[in-house]
Each structure stands twice: as C-alpha cells, then as structure tokens.
Amino acid sequence: MLLSEQDQFLSYNGEVLVFQLSKPKHSEKADDKTINLCVRRMVFNRDTKLFVQKSSGVFSLGASHSKIEMICCSCTTDSRTGIILPCILMKKKKQNNVKYFLLLLHSSNQFEPSFYFRLDYELKEDIRFFAGPSLLWRHANKLFYISSNTCVVQSAPVQLSSVVWTGEIVGEGTVVLGVRTACLPETEDPDGFSVSDKAIWGSEFFGYAIQTQKTLTGTCFMPHAYSRVVSSVYVCKSERLKQQLRISLVAITQKNQLVWFQNGAPKGVCELPYEKPCSVKPALTRSNDLLFVVSFASGNSCVVQRRDSLQVASKWQKVKCVLVDDFISSGSEQLLLLFDDDSNTDILSTFKITDLGEVNYASGINCKHDVPAAEGLQENGLLTVRALETRLQAGWTSVRELQQHLGLQKRVILESCRALIDLVEERTHILPNSKEVKCRKWARSLLNCLFSLWDDVENPPDSLSKVTSLASEVPEHFTEELWQRVVDDSLVVGVKLTESFYLSLSDVSLSLVMDQDFSSISPIIKCQSKIIKLNKAFSALAVCSSQIEPPPKKMKLDLHSKSDLKKEFPMRSSRIHLDGAKTVTAVTSLSPLLAFHRVCCVVLLHARKQNHQNDSLQQSKKITVLCGKILLNLEDISNGRYSVKMLRENSYCTGSMEDILAVFAVSVRFSFQIVSCDCTLTPVSSWLLGEMECTPFKECQDNIFCHKAGNVHGTIFNWAMKNPFEGILTIFCRNLTVLFQCLHSLTRILPPGCSVKLLRSGSKGVLSEQLALALEKEMLTLKNSLFLKETKAENSLTLGNESGKKINNAPLASLLDTEEGVQQFRKKFQNEREESVQSMNQTMNGALYQKIALEIAEAQLSSDMIVWRLA
C-alpha cells in the first residue's frame with residue numbers, strides 16, 4: 001500500500017481546508033487495510049496572527065494492496081441544493097484497475113461519496129470540475145465528462161489538443177474552451193496559403209457547450225492567431241446584447257504575456273516576470289481593484305493589476321500555492337501565499353496575506369502596517385458597516401421597484417374588472433386619462449393588455465365592438481333562476497339555464513366580481529365552478545368540477561379534454577354530458593366576504609357558444625354573460641335566510657331543489673364497490689335507514705339524506721345493488737373526516753369476509769407511465785444508497801479471495817474421503833461464511849442512515865400509491 005505525500009489546500013468561505021492522507025494510529029494488523037482522508041479547517045486569528053484549527057473530519061478508505069491518491073480538489077455547485085461545496089477527486093489503483101471517486105465535504109465535516117467510475121488509463125491532462133458536481137478531462141485528444149446525475153462517462157464529439165477554461169457562460173450553460181486543429185475554409189485552396197497563414201490557421205480556439213452539445217466560434221473569445229500560444233484563460237464577464245455574445249477575458253501565453261481581450265479583440269498586454277505561466281485566477285480587493293494572480297511552473301507567482309493598463313504589481317518566489325478568499329473577514333478578498341519551507345513541517349507556518357494595500361500579514365507578523373489588536377477590530381467593524389450599508393441601499397432599491405410593479409399590477413386588474421363589468425352591461429368604458437394614472441406609458445400598456453388579461457387570445461383594442469356585438473346575440477331570458485345558499489363556511493351561487501340556451505354551450509363556468517369600488521383589494525372573488533346534471537328520474541347525478549376562478553390570466557378549461565380536467569381535479573372529475581347540464585354553481589369561502597358586512601357581487605357566466613349548421617359543429621365563440629347580482633350581508637346570514645333546510649316529512653326528506661344542489665356543490669363524491677361472497681348485503685340498507693338516520697329525497701328515493709347529529713349530518717348516500725351480493729355505495733361528504741367516520745360505522749355492520757374497494761378514476765396509460773418513472777426513481781435511490789458500502793464490501797470480498805487461495809482447491813469427493821480433508825473443508829466453509837457476514841454487516845453513520853431510509857421510504861411510497869390506483 002502506497003500513500004500520496006502531497007497535501008491539498010483549498011479556500012472555502014474564508015477558511016483554509018487542508019486535506020491529508022494518513023494511516024490510522026493503531027497497532028493492529030488490520031491497519032494496512034484502511035487509510036484515513038483527514039481534513040482540517042484552519043482560520044486566521046488576527047490577534048495572534050496565526051492560523052488555528054477550527055474543526056476537523058475523517059473519512060476512512062479501504063486500501064488493501066492499493067495505492068490511494070488525491071488527484072485534485074475544488075469548489076463546485078451541488079445541483080441538488082444549489083450550495084457550493086468542496087469536492088475532492090480520489091484515485092484508487094490496484095494493478096491495472098484504476099478507480100476514481102468524487103467526495104463532497106459538508107459543513108459538518110462529513111464526507112459524502114457523489115459518484116465513482118473506472119478507467120483503463122490514468123487521468124493526467126486537463127482535469128476540471130463544474131456544477132453538478134461534474135468532472136471533465138482530456139485523453140488522447142478527446143473530451144470526456146461525467147456527472148453525478150448520470151454517473152456514466154460520456155464522450156464529447158470534438159477533437160481538441162488542450163483545455164484552457166471551463167465555466168458558465170450566459171445563455172449557454174457549462175462551456176469548455178479549448179484549442180483544436182483549424183478547420184480550413186472549403187472554398188480556399190490550402191496550398192495557396194503562405195507560411196505565416198498556415199502557422200496562424202494551423203489551430204483555432206473554440207467553445208463547446210456541454211448541455212446543448214453546441215460548438216461556439218472562437219472569434220468571440222480571441223483571434224485564432226493566439227490559439228497556438230494560449231495556455232490558460234479566465235472569463236471575467238459574459239453577457240448577451242441583441243442576441244450577440246459579448247465576452248471579456250484574460251489569457252496567459254507561452255510568450256510570457258498576459259493579454260486582455262474584449263469581445264474577441266486584444267485591449268491590453270503585460271509582460272510577465274517569469275517563464276512558463278500555467279494558470280491565472282482573479283481577486284477583487286477592498287478598493288475594488290481587479291487583480292490577476294498568475295502562477296508559474298517554477299513555483300513563482302506574480303500579481304497583475306488592471307487600472308488604466310495592465311502592469312505587474314508584485315511578485316514572489318518559491319510559492320507552494322496561492323489561495324484567494326476573505327481570510328481576515330473584511331468584506332473583500334485577499335491573497336494567501338503559502339511558501340516552501342524545508343525547516344518547518346507545517347506549511348501554514350510560512351505564509352503571507354495581502355491585498356497589495358493596507359492588509360499585509362506575513363508568517364504571523366504584521367509587516368508594514370502593523371496596528372494594535374483593538375484598532376484592527378475597529379477597522380474590521382467599520383468595513384463590515386460599510387458593506388452592510390451598501391447591501392441595504394441595494395435592498396431599498398429592489399423594494400421600491402417591487403412596490404411600483406405591484407402597484408401597477410393592482411391598477412391594471414382593477415381597471416380591467418371595471419371594463420369587464422361595463423362590457424357585459426353594455427356600457428361604454430372610458431379609460432383613465434394620463435393625469436389620473438400619472439403615466440402615459442402605463443395608459444398605453446393598459447389599453448394593450450386589457451382584453452388579454454381576461455381571455456386566452458389577445459384581442460386588439462378595436463375588438464371591443466366585436467365582443468359587445470357577440471354579447472348582444474345572447475337571448476334576454478337565458479336564466480330561469482339565480483339563487484344563493486350558505487352551507488357551513490361556503491357560499492354557493494347557482495344559475496339555472498333555460499333549455500334553449502344551455503344546449504348550445506360548452507366550457508361553462510361562473511365568476512363572482514364585487515360591485516363595490518375597493519381600492520385596496522382585488523374585486524375578483526376566488527371561487528370554484530361546477531356543472532351539476534340531474535336527469536328526470538333524479539336517479540343518476542354527475543358533479544363536474546371546473547377551474548378555480550380567476551387565475552392571473554384566465555385560462556378556460558376545455559371540458560372535452562378529459563386528461564387536463566383530471567390533472568386539475570383528480571378527486572372530483574367525472575364524465576360530462578352537456579346536453580343534460582342545467583345548473584351551474586360557484587362555491588367560494590364565506591368568511592372573507594363577511595368582513596365587509598355588506599357585499600354586492602356581479603355574477604358572470606363564461607362559456608363557448610356553439611353554432612350547429614347542417615348537423616355539424618361549427619367554430620365556437622367565447623361569450624361572457626351577465627347573470628345578475630346577489631346581495632350578501634351579515635344580518636341575513638345570522639337570521640338563516642340563505643341556510644339549507646332539510647326536514648323530515650312522512651319518512652321523506654323535504655327540501656327545495658336549490659338546497660339539494662347546494663349540498664351537492666360543496667360535497668366531494670366517493671364511490672365504493674362492496675362485495676360479499678357468503679352473505680347478502682341487506683344490512684347496508686338497514687344501516688342507512690337505522691343507524692345513520694337517513695331519509696330519501698321525495699323527488700328520488702335512491703339518494704338519501706343523513707339526519708344524524710354530528711359531523712355526518714348533511715351527508716348524502718346513494719346505494720345501488722347489482723345483485724344481492726354486490727352493490728355500489730356513493731357518498732357525497734364535505735371532507736375526508738366525515739368520510740372516515742361513515743366508513744368506520746359501515747365496516748362494523750358488514751358481513752365477515754366482505755370487501756370494500758374504492759372506485760378511482762384515471763387513465764391506465766397515464767398511471768402506467770407514472771409507475772415506470774416512480775420505479776426508476778426507486779431503483780436509483782437504492783443504487784445510490786448501496787454505493788456508500790461498496791468500497792468496504794469490495795475490500796472484504798478481496799480479502800476473502802486472498803485468504804481462499806491458501807486452501808487447496810481439491811475436488812469435493814476427495815476432500816471428504818479422509819478426516820484431514822473434512823477438517824480442511826470445514827475450515828474453508830467457516831472462512832467463507834465469516835467473509836460473507838463481514839462484507840454485508842457494514843456500519844454507517846446514524847444521520848446518514850436516517851437520510852437514506854427516508855429517501856427509500858418516500859420513493860417506495862410513491863410507487864406503492866400508483867400501484868394502488870392501478871389495482
């Protein structure tokens with residue numbers, strides 16, 4: 001077993017993370033099988049001017065006869081939470097088998113394995129991290145990448161000789177910038193190029209978007225002439241202006257230069273003090289100076305400052321690494337330089353923190369601008385106050401803009417409601433002038449968006465006359481009755497349509513709009529529309545839900561589209577026969593309206609008017625019809641004027657048709673199939689008429705009303721028997737609590753062995769597709785949980801194989817012939833059993849196990865629910 005002696009350093013939220021590989025401090029023989037990956041969180045103490053350890057963490061790795069190495073580390077975004085976390089790429093090599101795995105470090109110092117992959121070669125060239133976490137590298141002039149979402153190595157369809165940058169570009173996602181052999185224009189003759197032209201076009205700079213698999217031209221980054229000399233790039237800013245990609249970047253070249261490019265053209269150049277520059281990173285100091293830190297292969301570093309021009313501001317030699325972060329908590333970034341020092345084993349004992357200004361600490365001594373600790377704390381507090389003041393000013397600006405936007409939205413909605421009421425009442429609506437709205441631009445935008453707010457298709461302003469003429473085509477007497485009822489905390493408004501009118505309608509719904517001029521609230525009342533169909537015999541009832549009125553921009557449901565209807569209201573959807581629909585209801589919460597004591601509401605009916613010509617359905621037109629107004633006040637409700645009255649009279653339930661429809665409107669429908677194999681179902685009828693105290697409606701004896709005191713009062717039942725052993729029980733109840741109470745009472749009187757099955761609606765095709773997705777998610781959850789134990793299990797299995805080699809693999813018959821062979825066989829069997837137990841009985845952190853168990857339970861619950869619906 002071999003260890004990597006190279007430690008890794010990473011800056012994260014002002015801390016220095018030190019990653020080290022070490023053996024456990026034990027004396028047992030099993031120590032050779034594990035290696036610890038240790039992390040130390042170091043913070044800078046301005047009083048002692050030293051780095052002190054804040055916390056630490058350990059992650060154990062199985063490494064029997066293997067070489068464990070840390071390849072690289074970086075900070076990248078976890079796509080699950082959007083939080084930036086430290087990532088460490090590890091390599092485990094055993095003979096020709098190379099396994100790589102990525103670890104995430106959380107704030108609790110817990111390491112989380114993200115994904116792993118195996119290769120038949122070692123990663124050496126252009127290894128980069130990006131969001132996911134994801135990893136990419138270059139091998140044999142090809143680009144490969146893997147993400148935590150797929151855990152599969154993928155190859156990009158591009159050839160490239162080097163990767164110079166990886167990051168996010170606006171509108172393109174994750175982009176890889178690289179150099180490849182130039183694609184010469186097909187119209188040109190390659191032999192006609194001069195020597196200098198061949199040198200320039202021999203290679204080119206290009207970008208490749210990983211998510212969209214699109215290639216970006218290199219001219220928006222830099223001229224192709226630089227492609228042969230650029231070794232590293234940092235993109236400072238990217239934006240889109242009129243669909244044009246505009247990019248600012250700096251690049252270091254093999255000619256020992258740092259070049260600034262703006263929109264593909266060089267804007268500045270600086271000669272570097274050392275040879276072979278290899279990387280560049282930015283730093284933003286307290287004075288808003290943008291610095292570029294350049295590292296060299298020789299171990300030297302320098303800082304290039306960008307003000308009027310690019311110039312070298314400082315340089316250092318024998319630098320082990322350079323980190324950029326806010327190490328002293330001042331609100332801006334500083335440079336941390338760690339130097340090589342053979343006389344000291346702790347690398348953090350020889351360092352320098354500087355921003356090329358007032359901040360200057362070196363090896364625990366404040367060099368040039370040393371101040372007492374109290375003054376340093378006072379300066380730190382002043383800088384914090386300045387940063388908070390800047391954030392506060394930005395926050396106030398955002399709040400003012402949001403208030404203006406919300407005020408504009410409220411004025412548009414209020415004016416649209418007034419225009420709609422004037423429209424259906426055939427009054428001319430006059431838009432407010434510029435003095436009233438204090439903005440001519442707002443008046444023009446209001447005029448343009450007034451009709452699109454209330455319809456799917458945006459109508460131009462001159463369509464007002466068309467809509468008015470369409471409303472005039474509606475017959476004067478289209479409603480037989482407009483009524484209202486109060487059921488518990490719900491207000492039910494119903495419109496009974498004339499027979500000649502409802503036969504030509506579809507997509508019917510109601511809206512309630514307050515007629516008062518409320519300047520502080522929206523006059524639109526949120527409600528749910530239903531179409532209730534009652535046939536002549538009143539034996540079959542269909543309750544259909546419509547959309548909740550109104551969304552921000554009204555979208556009418558097409559009731560012929562059953563899939564959309566079921567997605568919106570899966571528990572209440574049922575098939576509609578519009579030729580039998582006569583009553584449309586709207587249900588809304590009553591308590592918010594009672595706050596106004598007295599409210600007058602306009603009732604609007606929205607529908608599609610269908611034209612029938614030669615028995616063929618022509619194009620339908622959307623109409624909005626004024627049905628009338630309702631008056632609601634607290635005094636009438638207290639006196640029970642609109643209450644539902646269901647009384648017993650000669651073993652029947654007497655109530656007006658409006659009362660019955662109001663109860664159905666606020667109820668939820670559930671149907672159950674009851675099957676008894678041994679006994680008849682006569683106890684169900686006795687239970688309904690006896691214990692539940694139900695009486696049938698006088699108009700229809702199949703639907704019975706529950707008069708029992710308590711929560712179940714007002715529940716409607718429908719009991720239909722197919723034969724003495726099977727029947728359908730339909731329950732119309734106000735909520736699930738009432739449903740459970742009814743079922744609990746029912747199960748006590750049912751015969752033994754009787755089955756009760758809920759009849760659920762839903763497309764089997766849609767449910768099957770959802771089941772496939774749920775099972776796939778469940779499988780991936782189990783796979784991710786098993787990954788945590790894979791390394792230990794593999795090591796245990798490998799150890800067992802090694803020990804098994806010592807036993808002679810003789811034929812079974814020959815082993816059992818002698819006593820010595822039996823003992824050898826028994827020993828071999830005992831070893832295999834211990835290896836199996838050891839590989840399966842792995843320990844796990846309690847919090848991690850709880851998280852995994854919860855994820856698995858949620859995935860299984862989702863798939864089980866879909867299977868239950870399919871049953």
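Trainee: What should I keep in mind before I start?

Mentor: It's a predicted model, so local features need pLDDT of at least 70, side-chain atom pairs count only at pLDDT 80 or more, and totals for chains, interfaces and linings use all residues. Residues are numbered from 1 along each chain as its sequence is written, and side-chain values use heavy atoms, with hydrogens and water left out.

Trainee: Which residues touch the most other members of the largest nonpolar core?

Mentor: General idea: a nonpolar core is a set of buried Ala, Val, Leu, Ile, Met, Phe, Trp, Tyr and Cys residues joined through side-chain atoms within 4.5 Å. Buried means under 20% relative accessible area, exposed over 50%, and partly exposed in between (1.4 Å probe, protein chains only). Here the largest core has 38 residues, and Phe19, Leu37 and Met90 touch the most other members. Strand β8 (residues 97-105) gives the largest share, seven residues; strands (E, at least two residues) and helices (H or I, at least four) are DSSP runs, numbered from the N terminus. Apart from this core lies another, of 29 residues, among them Val508 and Tyr642.

Trainee: Where does Ser511 lie, and what does its side chain join?

Mentor: Ser511 is in strand β33 (residues 505-514), and it counts as buried because its relative accessible area is 4%. Its side chain makes a polar contact of 2.6 Å with that of His606. For that term, think of a pair of N or O atoms within 3.5 Å; within protein, one must be able to donate a hydrogen and the other to accept it, and residues adjacent in sequence count only if both atoms are side-chain atoms.

Trainee: Now salt bridges. How many does the structure hold?

Mentor: Side chains of opposite charge can pair when their charged atoms come close. The cut-off is a side-chain nitrogen of Lys or Arg within 4 Å of a carboxyl oxygen of Asp or Glu. This structure holds 19. Take Glu15 and Lys54, which meet at 2.8 Å, N to O. Glu15 sits in strand β3 (residues 15-22) and Lys54 in strand β5 (residues 50-62), so the pair ties together parts 39 residues apart in sequence.

Trainee: Which residues form a network of salt bridges?

Mentor: Look at Lys67, Glu69, Lys91, Lys93 and Glu122, which are linked that way.
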